[in-house]
Amino acid sequence: MVTIEEILQNLKRDRPEADIVLVEKAYHFADRYHKGQKRLSGEPYIQHLLEVTDVLCRLRMDSASLATGLLHDVLEDTEATKELIAKEFGAEIADLVDGVTKIGKMIFRTREERQAESFRKMLVAMARDLRVILVKLADRLHNMRTLSSQPPERRLRIAQETRDIYAPLANRLGISWIKSELEDLTLKYMEPAVFQDLAANIEDTIRERSTYIDDVKKTIFGKLEAEGISGDVSGRAKHLYSIYRKMQKRGVDFDQVYDLVAFRILVGTLRECYEVLGVIHEAWTPVPGRFKDYIAMPKANMYQSLHTTVVGPYGKHMEVQIRTRDMHRLAEEGVAAHWKYKEGITQTGKSRDEKRFGWLRQLMEWQQELKDSHEFMDSVKIDLFPEEVYVFTPNGDVRELPAHSSPIDFAYSIHSDVGHTCVGARVNGKLVPLKTELQNGDVVEVVTATNHHPSKDWLNFVRTSKARNKIRQWIKAEQREKSIDIGRELLEKELRKFGYSYKRATSLDRFPEAIEGLGFRAADDLLAAIGYGKLTQKQVLSRVLPQEDLKQGDEKTEKDVLHIQDKPRKKTSSAIKIQGIDDLLVHFAQCCNPLPGDDIVGFITRGRGVTVHARDCQRILELDPARVIEVEWDDRQASTRTVKIGVDCVDQKGMLVAIAGALTACEANIVNANMRSTLDKRGANIFEIEVKNLDHLQKIMADLRRIQGVVKVERLRN
């Protein structure tokens, strides 16, 4: 257990200039206000605050940050106020404590919305003072260390949030040890069986691994001494989550993961890094394609190191990281390693900090116009998981983009107008398709045309959130303009039947009243609704034209023409209930092929009724949200839907009979089947079957997986 005495002692050692009295005062304040409070684990609450502060101390944070660590829960869990903290400790610490308190305080309607909105608040807090997020990371780390005391459902939710948000954020801020520990802890609670198996396997090989590490360290030391290089060498097993990801990515078992051990060599100068790389490659054979130079091309969080994988002693793969001691400090402490405050900040320091945190400002700018939680989280995750590719402008400027980015992403990274008018691109001097994946070192030149506009197809391959958001905004604006034109044309056509022009109709006193009465703010909104198919021309005319001008047979009184939302709901033959609409055709999207039981939404098409999509369908992101409506399955109607499933199995006699028998036993009618054998003696089969609902499909798939020889069963969306 950490004590305040240990924290103060470490603070004196690492930051002699720190305000020790301030930190000690914060401890006594927190101890007084949290007195008698206990955590679910049974330990005194003050112990949590000490553990959080110890993490900040390890990051070598300033005294204000340590005081915030001790005080970060007093506003939420005690009677202390922000005004009191400001009086006792100053406005700076009061703002920091308030920022930490606000990050997760608000309650939202759905889990995804709460997560998205909480993360927005985190970004805002970071933009004001990054120390807020560092305290929050330290708080989350200790909460994860003590997560076992929480109820099972809450454990899973917190672990999921940590894996999705906090671990990537720690990585983005360059704090590698916090990122690694958070990932291991999320694995412990989200995949407990996997975690225990990995931990047991690591434990079983600990003696053998220790001997191996010692032997390799001695060899490296000897070779460095022979070259006159002074360096520190350390070896360790990779953390469990890293091993787990390798197993998942390569589709192998623990025994087939060869690079379980990583060695780190710290030297004094940049030149020695490359000299050591030569020594390592001379001693052991490098694995092709496994060398990365993060010194010449630092990561977005300014991480620098040389990474190489070699075939070490006994034929085992081992990763070697080579960096200077300054680079290592930055890798371990991230933003905290270069944190600067009011006094002594040089212009050079400001420039470096601007480069370091430029990604944060960009992220804030790109998300300002996004109101939908789904879109925001989609964009945030793109920016938080930085598998980067580095490309060059023709002038030699480096642009950092996510892996698999296209020339369109590159164009939007330069300017929105460049992206909008992009018609082609030259990569390394050659014209390439716009969906070409850019590679490290490519020189990219964008070809533009002033009359060109974005294509909806671009959304299928762009990777950056800026490109995706700008394309969506343009498409939404274009769709609205088209809908307004269509609506005006339809309304004018209907008005002509009654001897009116659009201009004459808009001059009537009843026209503004009709706009307001139908729930719109302006005439364009009303016209767009007609163009979308949400509103009929007759509904508008019944509110605008005088009753005497409505012809017998064509007219409908205001009483007959009800609001769409007031119409009675009729049974549809599609087993779909549509909120407030009973006169539109319904068909199902082929891109996601939803089944009864899937979470669904509807999209109003012009002239073709409503298309039903699965709510998680990627196509939904491309559609105009103004035409998306809520729909649900009608449980009162029995119906069947066809769905495709892929069944991979061992290619042996009797397999197809067993599969067909299982489908028949589950009352699944086979509509179509496609079977083929692969070169590795596997059978790759696609069955199109009729099912009642999602539960029926899941039972079928579970029964198929139990057949001996079946390797994989999956639902195919198209």
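Modeller: The side chains of K699 and D703 meet in a salt bridge, 3.0 Å from N to O (a side-chain nitrogen of Lys or Arg within 4 Å of a carboxyl oxygen of Asp or Glu). This is a predicted model, where local features need pLDDT of at least 70, side-chain atom pairs count only at pLDDT 80 or more, and totals for chains, interfaces and linings use all residues. Residues are numbered from 1 along each chain as its sequence is written, and side-chain values use heavy atoms, with hydrogens and water left out.

Colleague: Where do K699 and D703 lie?

Modeller: Both are in helix α28, four residues apart, about one turn of the helix. Helices are DSSP runs (H or I, at least four residues), strands likewise (E, at least two), numbered from the N terminus.

Colleague: Is D703 buried or exposed?

Modeller: D703 counts as buried at 18% relative accessibility, while K699 is partly exposed at 49%. Buried is under 20% relative accessible area, exposed over 50%, partly exposed in between (1.4 Å probe, protein chains only).

Colleague: What about R131, which residue does it form a salt bridge with?

Modeller: E92, with the closest N and O atoms 2.8 Å apart. R131 sits in α9 and E92 in α7, so the pair ties together parts 39 residues apart in sequence.

Colleague: Switching topic: which residues of α27 are buried?

Modeller: M655, I659, A662 and L663.
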